[in-house]
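User: Can you walk me through this one? I'd like to start with the strands.

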Amino acid sequence: MQKLLLLGDEAIAQGALDGGISGIYAYPGTPSTEITEYVQASRFAKENNIHSAWSANEKTAMEAGLGMSYAGKRAMVCMKHVGLNVAADAFINSSITGVNGGLIVVSADDPSMHSSQNEQDSRFYGNFAMIPMLEPANQQEAYDMAYHGYELSEKFKLPVLLRITTRLAHSRAGVQTLEQKPQNKNSFPSDLRQFVLLPSIARRNYKTLLSNQGAIEIASEESRFNKYIDGSDKSLGIITTGIAYNYLMENFQDQKLNHPVLKIGQYPIPRKQVMKMVNECDKILVLEEGYPIVEEMLKGYQEAGTPVTGRLDGTLPRDGELNPNLVAKALGIETVLDGTIPELVKNRPPSMCTGCGHIDAYTALAEALAQYGEGRVFSDIGCYTLGALPPYNAINSCVDMGASITMAKGAADAGLIPSVAVIGDSTFTHSGITGLIDCVSENSPVTIIISDNFTTGMTGGQDSKALGRIEDICKGVGVDPDHIKVFRPTKKNMDEMVQIMKDELAFNGVSVIIPRRQCVQTMKNKELAEQLVKLNLK
Amino acid sequence: MKTDIILAGVGGQGILSIAATIGMAALHNDLFLKQAEVHGMSQRGGAVQSNMRISDKPIASDLIPMGAADIILSVEPMESLRYLPFLKKEGWVVTNTTPFINIPNYPELEEIIAEIKKRKNHIAIDADSIAAEFGSKRSSNIVMLGAASPFFEISFESFEEGIRKIFARKGEDIINVNIQALRAGRDFTEKNR
């Protein structure tokens, strides 16, 4: 039992390791990446054969985690909020199969979209799946919830959703660890058809899930992660979820908070405590990071008619993350500011690194496309999305993992010929291959640029699952080998690159162009260097 | 005792090594600590900051409220101005004067320095030159930390101890260069505050 200085993400990983997991499954995604990286770097995990290799995408991760649970062991599955969309089929159905070994699914939300295309709230998925949900307020709770979440999961035979947001994921604080638990032994589910979701079995399992809802709610009411802190001033009751509690208390460091506070860390929301507040207080303020989920529930939850305020009535902004000042304003506490940002301060947006291969690929593409005019480039999720910004202005879409290829196909179907897709090697493996099959099966006139830098760059240089196999995959799904072109994107090769792109843009069928050069951020990665030599890529 | 620090810079400039050293110094004194960082997309050459909070009592928020920071410690001059709304009235701006220019519309340096000097409590230090004087440009971040160190309620020895721990694996020479950098920064502030 020791005290460690950990990021929220790392606290979850340490809690899972101490809680007896046998494996962690994930695809990198900010702000969730450091959970899996912590396990990958853990000597304890290596010595105890705890699985931690990256999965191809969040869906395969979720399914593998469920498989480990089937076999009786404890597993963790991690992703960013939009990753849960990818994993949703497996995730929602895992509440119908239930689990055998404990299963915790971590979804890291990104309110204010620091590194994301939306700020969806994963708690909707938890409610949708009707499973217990945990939301820590600090790094210690993050650890404790991962550690104790397995007991909750195994008690109800259900997966547990652990939801965090960016600020906790990437903030460090001291964490007290607990006793290391042993891994589960292998065991079969007591009913070998528990995981067979034939309609007849699914109907039965679903009824079981429904009948368990009362017990799950009681568990919330009795949970140590839900605290009712009474106060004498009942003109207002305050409900906080997750880290919103910290922002509330930040405003009461030098003065006493006299209003009752319900601090929620476990869902479904604890009815008994909520009703106590509703019945005793004149008004309720809901502070939650993300969508106004609790606020909306409360509005339809209680017959007392107690007014509820929060994000929906403008007391707090409808979008973006909370902070101490927004909460202060909601409570009528004035913030005294001394400085403003001088006008001369300019924005400094993120940009592609100096020497990045994506830049050379975009430069060549711009020249090759000049004769066709703008508006034809469908891109994807990765560093190359930064090609949307000046001076490149190179792309016209970025929607979800893999959407470049399929959107280019749809646009080509609509007559936009040539249509171009730009996708990275890791994103291609994540969700691009199935789209490529669609293109091949209809011989769609699309030019697909797989900008291969041997890594998952944006999240910090994690493995690329199809390292050295991109061409083979393309050939395997049926792309004509004569229209798979590989080159090294450099300024020196510009003429050759432009010519190849022009030729393939003019081809009336599926082309795959692979500009291939190592990510400059991974140059110090010795393991990758060895792999590249072995695969004859360097 | 409570010190709230906004660490500012540009992605890749290494403000997290400053944070790590402060963190070690805080742990050395058995203080509570919360430190929020920026990871992911915005790291790539963009404006980055870290909220660092140290206290002898438990800390509530991971984020420093506006108007509450004691110190803005910036390794880049324009970035020191971006977070002024977070600084309290008597708070200190401690900034490097060497610009990091990766945008086409970067303002004139003199105008930036003039803005910095409008703050009564400011330390503007050419940390890169000072670090270069003893042959280690890479330790300019530690010069910056040294320049801010008089405004912490943490002893200078604790910072030295933090450096010894952070650079322990890199050998005695690197440790000494960085302790020299730390002292040079502190000396500058003592002379110019």
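User: How many bridges join strand β1 of chain A to β7(A), and do they run parallel or antiparallel?
Analyst: Five bridges join β1(A), residues 3-7, to β7(A), and the two run antiparallel. Strands here are DSSP runs of E with at least two residues, helices are runs of H or I with at least four, and both are numbered from the N terminus. Two strands pair if DSSP finds at least two bridges between them.

User: Before we go on, what kind of model is it?
Analyst: It is a predicted model, where local features need pLDDT of at least 70, side-chain atom pairs count only at pLDDT 80 or more, and totals for chains, interfaces and linings use all residues. Residues are numbered from 1 along each chain as its sequence is written, and chains are lettered from A and ligands numbered from 1 in the order in which they are written.

User: Back to β7(A). Which residue stands opposite Ala173(A)?
Analyst: Leu6(A) does.

User: And which strand of chain B pairs with β7(A)?
Analyst: β2(B), residues 32-36, in the antiparallel sense over three bridges. There, Arg172(A) stands opposite Gln35(B).

User: Why is β7(A) called largely enclosed?
Analyst: Because five of its six residues, 171-176, are buried. Buried means 20 or more other C-beta atoms within 10 Å of the residue's own, with C-beta atoms placed from the backbone.

User: What share of chain A is buried?
Analyst: 54% of its 538 residues.

User: How many helices and strands does chain A have?
Analyst: 21 helices and 18 strands. Along its principal axes, the C-alpha trace spans about 75 × 65 × 45 Å.

Conventions: Buried ≥ 20, exposed ≤ 12 C-beta atoms within 10 Å, placed from the backbone.
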